[in-house]
Amino acid sequence: MKKRILSGMRPTGKLHLGHLLGALDNWKKLQDEYACYFMVADWHALMSEYADPENLKENMLDNVADWLACGIDPKKSVIFIQSHVPEHLELHMVFSLITPLGLLERCPTYKEQLREITNRDLSTYGFLGYPVLQAADIALYKAEVVPVGEDQLPHLELTRQIVRKFNHLYKKEAFPEPQALLTKEKRLLGLDGRKMSKSYNNFIALSEEPEAIRKKVTSMFTDPKRIKLTDPGHHEICNLYSYYELFAPERKKEIGQMCSSAKIGCTECKKQLADILIKYLEPIQEKRRQILKNKSALADILDDGEKRAREFAGATLAEVKKLLKI
Ligand code: TRP
């Protein structure tokens with residue numbers, strides 16, 4: 001029996017290169033070794049975007065199209081939408097009975113978001129319970145492994161605490177304590193050198209048009225000490241160079257040498273990088289176009305995912321209800 005994996009993404013916008021290197025490439029590889037459940041976390045998106053759900057549905061289909069285009073395979077993995085599987089909410093309720101408030105109030109991601117996000121009111125009952133729903137997502141499939149980025153580690157720790165308490169109260173080993181599977185640190189920064197993120201608007205979307213890619217790459221920050229074309233560049237601190245490392249490793253040495261000997265300028269270097277990225281994304285975008293042309297096939301994939309997810313989730317929930325005498 002293969003171990004089970006569950007992971008999810010909030011459908012809050014277009015997916016970008018950071019999602020590809022940070023999650024999707026990894027998910028794709030895991031599909032052969034594990035029984036994988038990949039979920040669009042629309043309830044989690046609503047926890048912060050509840051006032052403006054306008055683009056939610058569109059984002060969901062757009063994101064799933066990207067998943068498929070990047071090699072997430074519905075024949076291997078269960079691909080579904082969280083809100084299509086109501087068992088998530090029922091287990092969320094059960095976990096909310098036993099989760100101490102203090103654990104949630106002290107959660108570092110919660111404190112940070114309350115501090116940082118000022119254009120939405122996150123002082124709600126629902127948002128405080130964000131990690132409780134995430135724990136339910138994971139436990140519902142008895143997932144042992146959860147591939148996530150480092151920012152999600154506090155949520156996994158909370159998940160372990162919640163299932164440990166459940167197991168202690170009701171039944172030893174009802175749920176496994178899940179382990180995070182961290183994506184190997186691939187340093188892809190945004191166009192401005194900060195973390196690539198929708199909220200910084202410093203990303204290149206997987207579906208970005210070639211012209212837009214060129215424009216965005218042109219705007220990238222390079223070695224600030226290099227002022228004139230004849231100045232030797234410091235490629236080791238240049239964000240462009242790290243893109244070469246990730247997307248064209250075979251050219252890395254040559255570009256590094258040309259940069260540090262001032263044989264290539266930043267403008268030309270950007271032009272070549274844009275070409276590389278356009279070519280890199282071309283097959284993904286072609287696949288994406290095909291997928292989006294056939295919306296009913298996409299809907300079938302999600303229906304099938306829902307059915308398979310509910311099968312497992314239903315069995316887990318039946319077990320939980322029995323333990324709670326309801
Ligand atoms: N909180 C995760 C994020 O923001 C998304 C998510 C929801 C998730 N449920 C999950 C990730 C369960 C892993 C497992 O990215």
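This is a predicted model: local features need pLDDT of at least 70, side-chain atom pairs count only at pLDDT 80 or more; totals for chains, interfaces and linings use all residues.
Residues are numbered from 1 along each chain as its sequence is written, and side-chain values use heavy atoms, without hydrogens or water. Local features need pLDDT of at least 70, side-chain atom pairs count only at pLDDT 80 or more, and totals for chains, interfaces and linings use all residues.

The ligand is surrounded by 14 residues, each with a heavy atom within 4 Å of it. The closest are His44, Tyr130, Gln134, Asp137 and Gln152. Tyrosine 130 places a polar side-chain atom 2.7 Å from a ligand nitrogen. For aspartate 137, the distance from a polar side-chain atom to a nitrogen of the ligand is 2.7 Å. For glutamine 152, the corresponding distance is 3.0 Å.

Tyrosine 37 lies in strand β2 (residues 35–40); strands are DSSP runs of E, at least two residues, numbered from the N terminus. Leaving out residues up to four places away in sequence, tyrosine 37 touches Arg4, Ile5, Leu6, Ser7, Val78, Phe80, Tyr141, Ala309 and Phe312, with contact meaning heavy atoms within 4.5 Å. Its C-alpha atom is 9.5 Å from that of lysine 76, 39 residues apart along the chain.

The lining of the second largest pocket has nine nonpolar, five polar and no charged residues. Here Ala, Val, Leu, Ile, Met, Phe, Trp, Tyr, Cys and Pro count as nonpolar, Asp, Glu, Lys and Arg as charged, and the others, Gly among them, as polar.

Key
Helices (H or I, at least four residues) and strands (E, at least two) are DSSP runs, numbered from the N terminus. A polar contact is a pair of N or O atoms within 3.5 Å; within protein, one must be able to donate a hydrogen and the other to accept it, and residues adjacent in sequence count only if both atoms are side-chain atoms.
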